Amino acid sequence: MAGANRLAEPHGLLIDRSRTIDFEFEGEAYQGFAGDTVASALAAHDAWLLSRSFKYHRPRGIFTMAGQDSNCMVTVNGDANVLGDVEKISPGLRVFGQNYKGSLRKDRRARIGRFSRFLPVGFYYKTFFKPKGAWEKRWAPIIRNIAGLGQIDTEAVPAYYDKQYKFCDLMIVGGGPAGLSAAKTAADAGAEVLLVDENEALGGALNYARFAVSSDAARDQRGEMVAALSAAQHVEVMTDAICNGWFSDNWLPVIKGRRLYKVRAREVVLCTGVLEQPAVFHNNDLPGVMLGSAAQRLIRLYAVRPGKRAVVLAGNNDGYAVALDLMDCGVEIAAVVELRDEPVYDDIAKAVRAKGVKVYEGHAVYRAISTSDKHHLKAVEIRQIVGQGQCGQSGERVSCDLLCMSVGYTPTYQLACQAGAKLGYEDNTAVFSISGLPESLHIAGSVNGMWDLQEVLRDGEQAARAALRRLGYEIKVPPKVVNSTVSPSFGWPIFSHPAGKEFVDYDEDLQLADIVNATREGYEDVQLVKRYSTVGMGPSQGRNSALATARLVAWATGRSVAQTGVSTARPPFAPERIAHNAGRSFYPERHTSMHHRHVEAGAQMLMAGAWWRPAYYGPSGERDRCMREESLNVRNNVGLVDVSTLGGLEVRGPDAGEFLNRMFTYAFTKQPVGRSRYVVMTNEHGVVIDDGVACRFHDEHYYVTATTGGVERVYQLMLRWKAQWRLEVDVTHVTAAWCGVNIAGPKSRQVLATLCEDVDLSAEAFPYMGVREGKVAGIPARLMRVGFVGELGYEVHVPQHYGERLWDAIMEAGAAEEIRPFGIETQRLLRLEKGHIIIGQDTDAMTHPAEVHLAWAIARKKPFFVGARSIAEIGKQPRKRKLAGFVVNDLDAPIPLESHLVLDGDKMTGRVTSCYFSPTVGKPIGLAFMTLEQAIPGSSVTIKSTGGVFVTAKVVELPFYDPENQRQDL
Amino acid sequence: MPFALLKYGFSKKYPARHSFTPRKDLNQHYDVVIIGGGGHGVATAYYLARYHGITNIAVLEKGYLGGGNTGRNTAVLRANYLTEEGVKFYRESLQLYRGLSNEFDFNIMWENRGQLTLATTDAAMRSFRWRAEVNKHLGVGSELVDCQQIKELVPLLNLSENGRYPIIGGLWHYDGGTARHDAVAWGYAKAACERGVELHQLTEVTGLKITNNRIKAVQTNRGIVECGCAVQAVAGTSSLLAGMAGIKLPIHTYPLQAMVTQPYKPVLGPLVSAPHVHVYIQQTSRGEFVIGGGSDPYPLYSTRSTLEMKESLSSAIQELFPFIGNARLLRQWAGITDMTPDYSPIMGLSPVDNYYLDAGWGTWGFKATPICGKTMSELVATGKVPDLIKPFGLDRFYRFEQVNEAGATAASH
């Protein structure tokens, strides 16, 4: 059944009467038409109570019917805080009201409202903290539980959301009369136009408001304009699409469906219209009290009669258009309460009066009266206005089930203000005006203070022409349109009541006195009023409260409304799902070209930045055994490790050597071709930030490696300094272009030799720190003799797509020697045995080279390198700490973990940076920062180990293994 | 219902007391001029008035009380820093926070919710263990936790091993918590004004009059004010104001953004931080999720917010809590942060004799508000730098004695 309140055609622009839809609200079955929203379908069945308010749990229902308030927020299929007045129904939809204890109709927490006078503005600041700790232990949990609107579904997984870029010459936000006019103008000139409207149907107010005595005028106008636009070229129209923010340089997010469009527009015209504003009086939040435009939307868009007997509260002539609309659909008009003393009536108002409707001029609705269950409007009390915001002592009671408020508007200024616009306010027009827009942003229509339809249309054209001119079109720009109509905003539709409940902010249940009292307590700036009272912080972000707040604060503090202003309009315009902004997410991960070989070999993979690297090869519970076997195999035999993640940078050009001289601490200009040198990078503070090797393949070509995690920074710094120094050098980041392995161990030469035809691997021809180019297993390769793990070893770097082939070839060639792969954890153990540090692990953000045995890597004779001056200055001061090697001789003691503290008595003197049980040394070995006194070999230091157990460690000379370097020099 | 509220319900006239200095002209002279009416400025004024008997103080604020970073931060209170100097300093601050409501007779809503920082790499675990060990040694409650413990602390967290960033452990700072940021500034201002301090809002300092290396007066948009000494506490514009005093600060200024959702019923207790995706979150006592992250990538003196940051914060937080994708964002905003090279503040003496610095607060200013006010007031009153802030003097940059907290600040403000 369609519902008792359903009107006949032609009403119902958005509904399809041929399709009925069944859904549930609060567990009861309802039926609506396709195109109905939750609120319209329920209203058709005379169900007006939709939800409960934030603080006092007051019954709430339709208010704007445009998704601009929180009164209709419902939970739909478990999704909380859905705007029920714009959310479409669909078959089987399960809808619930929100924020109640018990049932929506019988909310046990509604009692709180009775105590509202004991809950003054900011009441939670005034108490709840005695005795000390009472807030967090007693009150915060209670208040947290009462607060909050919907229950978020923590089991839900967001659906698929994505993003798309768009570009246009001119974007028009808002497809009402001004927007349609602007779009047509721009399209006719040949510009690429994007027209975005948050509503389902273009037309804006033409779809629901009444512009003439004839009820068809607006519909005909809309039909013509939409038809004209759809015939135009170069226009893309997006409806049901909301432009939710303005970011620098016309960067505009538009949400439609499950997609976020990111639009870069050369010019933008905002035709965002106005938001009708409520009057402030006692019980102005009762279901049945709504904006005039809300009633019109119900009638025209959804064919729902908004009540049976109505009072219209008018502060302008638009209220009479509402009255006429109501009469047309059979609603009895009990009275028009006219706020103005001496109204100037237009034709529509005259037509209403001609029908004999009773009009109370100079009167206000003093209070709304509820039915006995408090769920709906039953009557209003009308009183004469005797001064600003003041009513006479007695009044007249008029029964009604609908009160429509038409008392004024506020421009939809949010996007403009995000772009830096300023708001002005004149007392005689009682409406905000917008100025100070960026040059590429224009406004037109009612948002620009135009009220007459013809002027709105001309303003749209004018703005479009101004934009087109800036786009380079030879087009005439007419002078700015000047509004000729009386402002439809009434200056003070605010009436206090001794019992309060005159709501200024419906989202937060803030009454008139709350705003005024905030200023009395000293919170006078409107921003402080917001923060103290929470006005404007709720889901509608002050859309329905900012104007009244500005007026009240201005009045209470003796300033003008313009001086008072509104709190900052921040993006987004309307609440938006986090999932829309997240989209598909982009967290890339990197695999080396040998990745699959590691996985096949049973490696445990660990994350290193974006890379995945093999930690060790074997079951995850057998780390220590795997590491022991892998490390002993390197020491005694031969092992293979993937080093592809190491950063690779090609440095070329006549100044390449000089460039490295300045970037790194050591000297490079005289480095022979065919040799590598260790590189250390320091920052301006003299702190060690990266290391690697520089391989010289040609006079003007170095291949520089950097750490896995550090290469991006090294590359950025190289580019920055290169630009500053203007050296003739070229830097290319080739990490992803090369992959590599390190084959290490006493049998590494023997294995590699079987794969090399054109490189002599003998110790004489290819010594330690030598570099060569040649072929390995037929693959073009760069070979480097290195000693990181302390054995004879070669790094072999090849173009990345040869990775698996290289890996397979070496594994096959080494099979007879029982080669086995080793992982990063094993490599860390091996290098520790050899006393080599890892930048980032064995250094921190304060580490100077001398503290970590790198003084030798500083060339003191060259004139400059980054950090040189700091290092020189630091060198003049006494050193405070040093990285020293230690062993733990007590094999029963818990092995210290990395970052355990080194103590001197109770004082922290350093920390362990690396520590492993070394199968080669036969005991735990490690590196730790400590004082110079502690760092004397042979002395004992205390380490605070797991569980606070003190472990005694013995300081030893580094390295732990092969101090004569015989193994790597084989 | 607490008794304190009864008077509001039973009084005929609203029993309001004006909490701050009513609008009035500036005096010709103040013993102390504090530039900046944020948390730090009013806290310094409060401690001077309360504990040092100095009340002829003007706090000059160019906008409104607490409208800068005090009102823009995400109210994360913690002391799980890395250096001994830092941990001791923030430890004292947390201790003071616990007693503020009762000291002010104004509820700042301190809640000891605990803060959890997540690790996805062994490098992160190593750095967390370092912080935990230093914290424990200095009496600050921090410990390493494994995935099982994390599951108990924050059951809604995505702990799947198949995600892009499987969580391997975390740093549980059970001393951490939150408070209502605005209320901290208001409480200090109220308590200071009660003791005779003058708070002048909409009063912008436009110049400093310095002769013989001493500050004599400050020029404002409302006229010149003489002063016995001056303190600058202006956060994001620190380097600009110090510039007026001829002082060059080693500060780079970056915007820092955050965003907030609609209110929902409480589901998240602890504060959760995930440096690997540069995001952190807490659910306020109103039920909103407040989400923040790292600083903007390039320096700027601007509080505009960006779409890019909103996108990155959104995808990051959805990695941690998939359900939150359905929550609706209400607002995003930005503050301006004055970042130092070592992520520690610059406090204490300046090259100008009677001009004191309270700057370099980057992303860690709010949590230091009480201790900063306390120590700065001691400095102003006695002329001696309190031990607790000695390490944070500007001269440390000339002596290569930085207090490096780089490892303890990333995306965990």
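Predicted model: local features only at pLDDT ≥ 70, side-chain atom pairs only at ≥ 80, totals over all residues.

Visitor: Let us begin with a residue. What makes B:Gly71 buried?

Guide: Its neighbour count. B:Gly71 has 22 other C-beta atoms within 10 Å. A residue is buried if the count is 20 or more. So B:Gly71 is buried.

Visitor: Where is B:Gly71 in chain B?

Guide: B:Gly71 is in helix α3 of chain B, residues 69-72.

Visitor: Which residues is B:Gly71 in contact with, leaving aside its neighbours within four places in sequence?

Guide: The contacts are A:Arg531, B:Gly66, B:His181 and B:Asp182. There is also a pair to look up on screen. B:Gly71 and B:Gly38 are 33 residues apart in sequence. In space, their C-alpha atoms are 8.3 Å apart.

Visitor: What makes α4(B) roughly perpendicular to α10(B)?

Guide: Again, the angle. The axes of helix α4 (residues 84-104) and helix α10 (residues 369-382) of chain B cross at roughly 105°. The range for roughly perpendicular is 65 to 115 degrees. The angle is in that range, so α4(B) counts as roughly perpendicular to α10(B). These axes come within 7 Å.

Visitor: Which residues of α4(B) and α10(B) meet?

Guide: α4(B) brings B:Phe89, B:Glu92, B:Ser93, B:Leu96, B:Tyr97 and B:Leu100. α10(B) brings B:Pro370, B:Ile371 and B:Lys374. The classes here are six nonpolar, one polar and two charged.

Visitor: Now domains. How is chain B divided?

Guide: Domain 1 of chain B covers 26-73 + 182-251 + 342-408. Domain 2 covers 111-175 + 252-338. Their C-alpha centres lie 30 Å apart.

Visitor: How do you know that domain 1 and domain 2 of chain B are in contact?

Guide: Contact here is set by C-beta atoms within 7 Å. By that rule, 16 residues of domain 1 of chain B are in contact with 11 residues of domain 2. On the domain 1 side, α3 and α8 (238-244) each supply at least two residues. That side divides into five nonpolar, 10 polar and one charged.

Visitor: What about domain 2 and domain 3 of chain A: how far apart are their centres?

Guide: The C-alpha centres of domain 2 and domain 3 of chain A lie 30 Å apart. Eight residues of domain 2 and 13 residues of domain 3 take part in the contact. The domain 2 side has four nonpolar, two polar and two charged residues.

Visitor: Last, how many residues of chain B are in contact with chain A?

Guide: 80 residues of chain B are in contact with 86 residues of chain A. Several elements of chain B each supply at least two residues, among them α4, α5 (122-137) and β10 (252-263). The chain B side divides into 35 nonpolar, 28 polar and 17 charged.

Note on methods: Residues numbered from 1 in each chain as written. Chains lettered and ligands numbered in written order. Helix = DSSP H or I, 4+ residues; strand = E, 2+ residues; numbered from the N terminus. Buried ≥ 20, exposed ≤ 12 C-beta atoms within 10 Å, placed from the backbone. Contact = placed C-beta atoms within 7 Å. Domains from an automatic or database assignment. Nonpolar A, V, L, I, M, F, W, Y, C, P; charged D, E, K, R; others polar. Axes fitted to C-alpha atoms, helices over the stretch in contact; angles between N-to-C directions. Parallel < 35°, antiparallel > 145°, perpendicular 65-115°, else oblique.
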